[in-house]
Amino acid sequence: MMASFGHGSRRHPRSRGRTWSRSGPDRATLGIIGVICAVAGFFVLGIVLGPVAMVCGWLAMGRSWVGSRPVPAVVALVLGAVDTLLAVIWLAGAASPGIGM
């Protein structure tokens, strides 16, 4: 019998929806991680944790705005945006001249 040299995958091609990694976190986990990052961002490192929460929320929503959205994903996205906005306002206020002692 001859070696197939790559023709063995033609019998069982991957379907379009099954090309993701099975070892990564699922959507529910990403939503919860996003909410935790957003809440923690209100207290420390909001400029970093806010965008992390938004990315986790976006990935937990399935990278689309259509269809049903899990609640933790939307909460992570909104709180991450608010957190980032407040951090930018705080940094702009701290860097402006005339405020200080």
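Q: Which pattern does the protein follow, read along the sequence?
A: This is a predicted model, in which local features need pLDDT of at least 70, side-chain atom pairs count only at pLDDT 80 or more, and totals for chains, interfaces and linings use all residues. Residues are numbered from 1 along each chain as its sequence is written, and side-chain values use heavy atoms, with hydrogens and water left out. The protein has three helices and zero strands (DSSP runs numbered from the N terminus: H or I of at least four residues for helices, E of at least two for strands). Along the sequence, the pattern is therefore α-α-α.

Q: What percentage of the residues in the protein is buried?
A: Buried means under 20% relative accessible area, exposed over 50%, and partly exposed in between, with a 1.4 Å probe and protein chains only. Of the 101 residues in the protein, the buried share is 21%.

Q: Where does Val48 fall, buried, exposed or partly exposed?
A: Val48 is found in helix 2, which covers residues 46–60. Because its relative accessible area is 45%, Val48 is partly exposed.

Q: How many Å apart in space are Val48 and Thr84, C-alpha to C-alpha?
A: In sequence, Val48 and Thr84 are 36 residues apart. In space, their C-alpha to C-alpha distance is 7.8 Å.

Q: Which helix supplies the largest share of the lining of the second largest pocket?
A: A pocket is an open set of points on a 1 Å grid over the protein atoms alone where a 1.4 Å probe fits, with protein on both sides within 12 Å along at least five of seven lines; lining residues have an atom within 4 Å of a point. About 180 Å³ of space lies in the second largest pocket. Helix 2 and helix 3 (71–95) each supply at least two lining residues. The largest share, five residues, comes from helix 3.

Q: How many nonpolar residues does the lining of the second largest pocket have?
A: Among the lining residues are Phe42, Phe43, Asp83, Trp90 and Leu91. By class, the lining has two polar residues and one charged residue, with nonpolar residues numbering nine.

Q: What does Asp83 count as, buried or exposed?
A: Asp83 lies in helix 3 and is one of the residues lining the second largest pocket. Leaving aside neighbours within four places in sequence, Asp83 is in contact (heavy atoms within 4.5 Å) with residues including Cys37, Gly41, Phe42 and Leu49. Because its relative accessibility is 3%, Asp83 counts as buried.

Definitions and conventions. Grid points are joined across faces, edges and corners, and a volume is the space filled by probe spheres set on the points. Ala, Val, Leu, Ile, Met, Phe, Trp, Tyr, Cys and Pro count as nonpolar, Asp, Glu, Lys and Arg as charged, and the others, Gly among them, as polar.
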